[in-house]
Amino acid sequence: MRLAIFLLVIAAAILGLALWLDRQPDEKSVIAVSHAWTRPGSGTNGTAAVYFEIDNSGDGGDQLTGAQTPVAEKAEMHTSQMQGDVMQMRSIASIDIHADEHIAFSPGGLHLMLTGVRNALAEGDHFPLTLEFGKAGAITVDVAVTEKGLAAPSAVPSGTMGDNKAGDKGMGDMPMRDDSMGKDHGAAAHP
Ligand SMILES: [Cu+2]
């Protein structure tokens with residue numbers, strides 16, 4: 001009987017220690033990337049705009065710091081913003097993804113701009129895209145080439161870009177007709 005009580009006390013102590021360790025600050029980001037797509041015809045002039053969604057279901061923040069894909073020489077993050085009646089794009093070095101945050105890369109807003117696309121992308125094509133996160137590491141997703149898009153069109157909340165850092169090689173001086181935004185952004189907007 002005494003032994004049983006003794007073992008119970010030990011077990012309780014171990015459980016208590018485990019719970020205590022569990023509560024120590026150990027904030028982690030849990031990153032999921034979904035609905036990655038680009039439009040067919042993108043790539044005919046060497047550029048393509050890729051859209052996707054990022055969800056951080058963890059209790060710690062993270063950062064999207066870069067991207068790469070075998071189908072293009074370079075991939076960089078761009079914002080789109082109206083300046084008067086001209087759509088301007090700016091490259092940004094990184095994007096903060098706070099705990100519990102959802103960020104949509106969508107037409108007319110944030111997008112990943114591919115340059116040096118090696119082959120024209122046709123409806124039904126797929127290609128891999130690797131996104132690099134500061135804490136979560138590299139996450140590779142499959143990008144679908146589809147006219148319809150994979151996600152419901154949703155505007156990027158205006159507050160989302162507040163703490164994004166502008167890259168020093170900004171493309172803010174590149175004007176873009178607003179009638180070219182959206183539909184043919186990727187195919188027509190870049191040289
Ligand atoms: Cu762009």
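This is a predicted model: local features need pLDDT of at least 70, side-chain atom pairs count only at pLDDT 80 or more; totals for chains, interfaces and linings use all residues.
Start with the overall layout. The chain has two helices and 11 strands. The chain holds 191 residues, and 28% of them are buried. Now look at its contacts. Take those with a separation of 6 or more: 77% of them join residues 24 or more positions apart.

Next, go to the core. In soluble globular proteins, nonpolar side chains tend to be buried together. Here the largest nonpolar core has 31 residues. Val50, Leu64, Leu112, Leu114 and Leu129 have the most contacts inside it. S2 (47-56), S3 (62-68), S4 (72-83), S5, S6, S7 (111-117), S8 (126-133) and S9 each supply at least two residues. Strand S2 gives the largest share, six residues.

Pick one of these core residues, Leu114. Set aside its neighbours within four places in sequence. Leu114 is then in contact with Thr47, Ala48, Val50, Thr69, Ala72 and Ala75. Val50, in that list, is itself among the core residues with the most contacts.

Now move to Val145, in strand S9 (residues 137-145). Is Val145 buried or exposed? It has 21 other C-beta atoms within 10 Å, and the cut-off for buried is 20 or more, so Val145 is buried. What does Val145 touch beyond its neighbours within four places in sequence? Its contacts are Thr38, Pro40, Leu121, Ala122, Glu123, Gly124, Asp125 and His126.

Finally, check the backbone. Most residues other than glycine have a negative phi. Phi of His35 is near 50 degrees, and phi of Asp100 is near 65 degrees. Where do they sit? His35 is in strand S1 (residues 31-38). Asp100 lies in the loop between strand S5 (86-97) and strand S6 (102-105). How exposed are they? His35 has 17 other C-beta atoms within 10 Å, so His35 is partly exposed. Asp100 has 13 such neighbours, so Asp100 counts as partly exposed too.

Technical notes:
Residues are numbered from 1 along each chain as its sequence is written. Helices (H or I, at least four residues) and strands (E, at least two) are DSSP runs, numbered from the N terminus. A residue is buried if 20 or more other C-beta atoms lie within 10 Å of its own, exposed if 12 or fewer, and partly exposed in between; C-beta atoms are placed from the backbone. Two residues are in contact if their C-beta atoms, placed from the backbone, lie within 7 Å. A nonpolar core is a set of buried Ala, Val, Leu, Ile, Met, Phe, Trp, Tyr and Cys residues joined through C-beta atoms within 7 Å.
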